[in-house]
Amino acid sequence: MEIFKPFDIDYTYDPAWFEPKSLVIRRTLEQIYDIFIEPDKAMTVLKKGNPVIVDVYMAPIPEEAGHLMVFMTIIYPGKVGDEYYMTKGHIHDSDTAPEVYITLKGEGKLLMQTSNNDCFTGEMKKGKINYIPSGWAHRAVNTGKEVLIFLGTYPAESKRDYSFIGKGKKNFLKIVVEKDGLPEVIDNPVSVR
Ligand code: S6P
Ligand code: ZN
C-alpha cells in the first residue's frame, strides 16, 4: 500500500462543520420518502417543499483496504407522521466491517439488526459511543427537537448495502415513533421477515 500522508480534520457541531471533506451525501425527503411507513404523509409534505433529512461529510480518505473512513453525519429534526427523520439504513457488504458512532449533539436511537433478526437499539446522545459489530445493519433516528450530529469511522473498503430496504423487502424490523411526546421503539408493521 502506498504511504498515505497524515492529516487532521477540523470540526464543529454548533453549527455542523467538517473540513477537509471530499464527499457530501445529502438525503432529501424526495429521495427517501418511501423508507417511512406512511409514505403518503411524506408526499403531502413534498407538495410544499423538499426538506433535507440527512447530510454526511466524508473525509478525503481512499476507499481501500488499510484505511479507515471518517465522517460526520447530521440528521435534521422532524417527522413523517409519527415517525422521526432517520438515515436510509444499510449493512456493510463485508463481515470484517464494524463501525463506531460518537454523538456530539442531539439525541436519537440507533436501530441495529442481524440477518437472524436479532435486534438491538443503541442510545445516541452526548457521552455515548455506539459500537456496531460486523453483520449488524444500522439506521440512526433523530428523536430530538434539534439536529443529531455524530462522528464515525469504519473500514474504508467496505461498501454500504441497501438492498433489504424497500417495498416488499425485509426493511428494519423496528421503527421509532413519537407517542405521547416521547420516542417509542415498536415493531415495523411493513417489514417482511
Ligand atoms: C457509513 C455510516 C454513515 C451513514 C450515514 C447515512 O457506514 O453508517 O456515514 O452513511 O449515517 O446513512 P445511510 O444509511 O442513509 O447511508
Ligand atoms: Zn454504516
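1. A residue is buried if 20 or more other C-beta atoms lie within 10 Å of its own, exposed if 12 or fewer, and partly exposed in between, with C-beta atoms placed from the backbone. Leu 182 has 8 C-beta neighbours inside 10 Å, so this residue counts as exposed.

2. On provenance: this is a predicted model, in which local features need pLDDT of at least 70, side-chain atom pairs count only at pLDDT 80 or more, and totals for chains, interfaces and linings use all residues. Residues are numbered from 1 along each chain as its sequence is written, while chains are lettered from A and ligands numbered from 1 in the order in which they are written.

3. Leu 182 sits in strand E17, residues 182-187 (strands are DSSP runs of at least two E residues, numbered from the N terminus). Its C-alpha atom is 8.3 Å from that of Thr 143, and 39 residues of chain lie between these positions in numbering.

4. Tyr 162 belongs to the loop between strand E15 (160-161) and strand E16 (174-179). It is partly exposed, because 13 other C-beta atoms lie within 10 Å. Leaving aside residues up to four places away in sequence, Tyr 162 touches Lys 88 and His 90 (contact: C-beta atoms, placed from the backbone, within 7 Å). Val 147 is 15 residues from Tyr 162 along the chain, yet their C-alpha atoms are 24 Å apart.

5. Ligand 1 is surrounded by 14 residues (C-beta atom, placed from the backbone, within 6 Å of the molecule). Lys 88 and His 90 are among the closest, along with Phe 71, Thr 73 and Thr 87. Strands E4 (52-58), E5 (68-75) and E14 (148-155) each supply at least two shell residues.

Definitions and conventions
Helices (H or I, at least four residues) and strands (E, at least two) are DSSP runs, numbered from the N terminus. Two residues are in contact if their C-beta atoms, placed from the backbone, lie within 7 Å.
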